[in-house]
Amino acid sequence: MTDQTQSVPQSRLSPTRLVGVLAFLVAVFVLVPAFIALTGRWDFYYTLTSVALLSVAAAGVWLTFYIGRINIGQGAYALTGGYVSAILITQYGVSFWLTLPLAGIFCAAVSVLIGLPILRLRGVYFAMVTLVLTEVARLTALALPVTNGAKGITSIPLPGELSILGLTIIPDFATLANPKLAFYLMAAVLMAVTYLVLWRIVNSRLGHLCRSLQQNEELSASIGVNTAMLRVLAYAISSFFGGLAGAIFVAISQSIYPSSFVVQDSVNFMLYCFLGGLGYVFGPMLGTLLLYFGWDLLSVAKQYQLLIYSGALIALMLVLPNGVLSLFDRKGGRK
Amino acid sequence: MMEQILANGLYLGAQYALIALGLTLIFSLMNVLNFAHGQMYVFGGFVTYTVVAQLGLPFTVGLLASAVVLAVMGALIERFLFRPVIARSKRDESTMLLAAGIAFFLDAVILLLFGEKQRGVPKVVNGVFNWDMRLIMPYDRILIAALAVALIVGFILFMQYSRTGRAMRALAQDRMAAQLMGVDVDRYSMIGFALGAMLAGLVGGLLVTITGINLGMGGPTSVKAFLMIMIGGAGVISGAIAGGFILGMMESIGLTVLAAYGDVTYLVIFVTLMIFLAIRPQGLMGKPWG
């Protein structure tokens, strides 16, 4: 009910919308690096890279919300994706760039296996099972020999060169003067592509079918929608994003441990979606930026950091229970 | 050996069931998954610690203080946070963000008020029950388990026979119908939330005498409580009790039987639960689709 009205303006690429997208791209790829170069706050790169990657994973969570499922298990897929990439790089010498899609596909495959039974659950039942899933992933990583238990996998090399027919597309990260900028650009490109894909999905036939699931699954099944297939498909896409984000995180920190992604992270992904607004494609991106960046900036408050952060979260919820982007609703729904 | 495992399972189960009862009560009345339940439990433990260890008052006073403080906290949270958000949000799930926010907030308050150190209070009773070396259990554990069982029985009787309990059960069954029959929905939602929070606080107060309490226990406790109500079925009182005892038993058996394979008890429990839920999504006693 909430999305039907908002999807109409979204599906048309009006001039104002085009300007908005261009402004966004300029801000991400020109203004942010310029700002950081001017102010010398190089630490912002790490924060903003994290925001971009987290928002990729959050985009997946948002898609499961879109079919009416509360997903608190994205941390499990981020962890799985990270381990797949780390193991392939360190033990089989696979190029980082190849492990990226492999990590995503592996997570998607796992999520199909897990999703087939658990996607039959609804509401809080599904939410609670996915919450448990994050713990399962952590405990599995602790127990399996290939993941090296609690010691984790460390000193993973930086992403190498990517070239096609001898033509270098992406240089070796280790040779770069500023790998931070490279990681930022990579994460930002991935984020832009992810949200483009998400936007396309939502405004395609698939998106309409997903919305029908969100509103009434029985009704949707009764008019011939293959709900079981659709649920698994949405969940697999969601997990793909999770695995992708996890793999890049591992490349940045050059290490992974069973506790790299925990229940708290899974809950955070859900919060990013809520805060931005469940009815808006760009909601999770905004939510991630506000919450993660806000948390970072609040570190000046020292021991009151968590108090202020959570207080602000609660206050936002009281003022805007439908997400920050619902602010724009009254003005005709801009984003 | 066998007796010891069973006794440990029952002891764990009694406390678990009490935690799950509060969570399931709140869920059944308001359709809210209370992420902050574990934090409420920790808060209750710290209140008892403050009253007993710092003010030097008797343990009973500490328990009562935990109950009162948490009940008031629960009532305020329902009245000023959940009620307005539920009334205005378009999707039910929005309450989860609020609940998670409250969990963070309580964590922050606990950190500022009580610090991050592990805290405990002296044993309530000394001595160890020893039955022929087959069953060994400290008296204080037996006392706490008995108190927990007494609280569970008291809670069931209250829900079954008191006017308030009847009203809350009606609300859980069908909110609209209860309202049409003249039940003051707002009032009983508030009482229910207060009662659920109070139960969490009481368990905290009980356990601070044995395992102690620390800031980090909130999240894991919530996860365990979710497990229990998934096993038994969300929103069903008998289910919460069954879930609590089953989890306690599985933990006790797992820690003994699986000890040789390392720390895999919870992995096995989780995987078992997922298979179980795939076959029976509504848990043991839950209504289909909650």
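**Close-up views of a two-chain predicted model**

**View 1. Chain A as a whole.** With 335 residues, a compact globule would have a radius of gyration near 20 Å, and chain A agrees, at 20 Å (taken over C-alpha atoms, with the globule rule being 2.2 Å times the number of residues to the power 0.38). This is a predicted model, in which local features need pLDDT of at least 70 and side-chain atom pairs count only at pLDDT 80 or more, while totals for chains, interfaces and linings use all residues. Residues are numbered from 1 along each chain as its sequence is written, and chains are lettered from A and ligands numbered from 1 in the order in which they are written. The C-alpha trace of chain A spans about 55 × 50 × 45 Å along its principal axes.

**View 2. The fold of chain A.** Here you can follow 13 helices and two strands (DSSP runs numbered from the N terminus: H or I of at least four residues for helices, E of at least two for strands). Among contacts between residues at least 6 apart in sequence, 76% join residues at least 24 apart (a contact means C-beta atoms, placed from the backbone, within 7 Å).

**View 3. P15(A) in its helix.** P15(A) sits in helix 2 of chain A, residues 15–39. P15(A) counts as exposed because it has 7 C-beta neighbours inside 10 Å (exposed means 12 or fewer other C-beta atoms within 10 Å, with C-beta atoms placed from the backbone). From P15(A) to T168(A) is 36 Å, C-alpha to C-alpha, and 153 residues in sequence.

**View 4. Where the chains meet.** Chain B brings 43 residues to the contact and chain A brings 41 residues. On the chain B side, helix 4 gives the most, with 14 residues.

Conventions. Contact = placed C-beta atoms within 7 Å. Buried ≥ 20, exposed ≤ 12 C-beta atoms within 10 Å, placed from the backbone.
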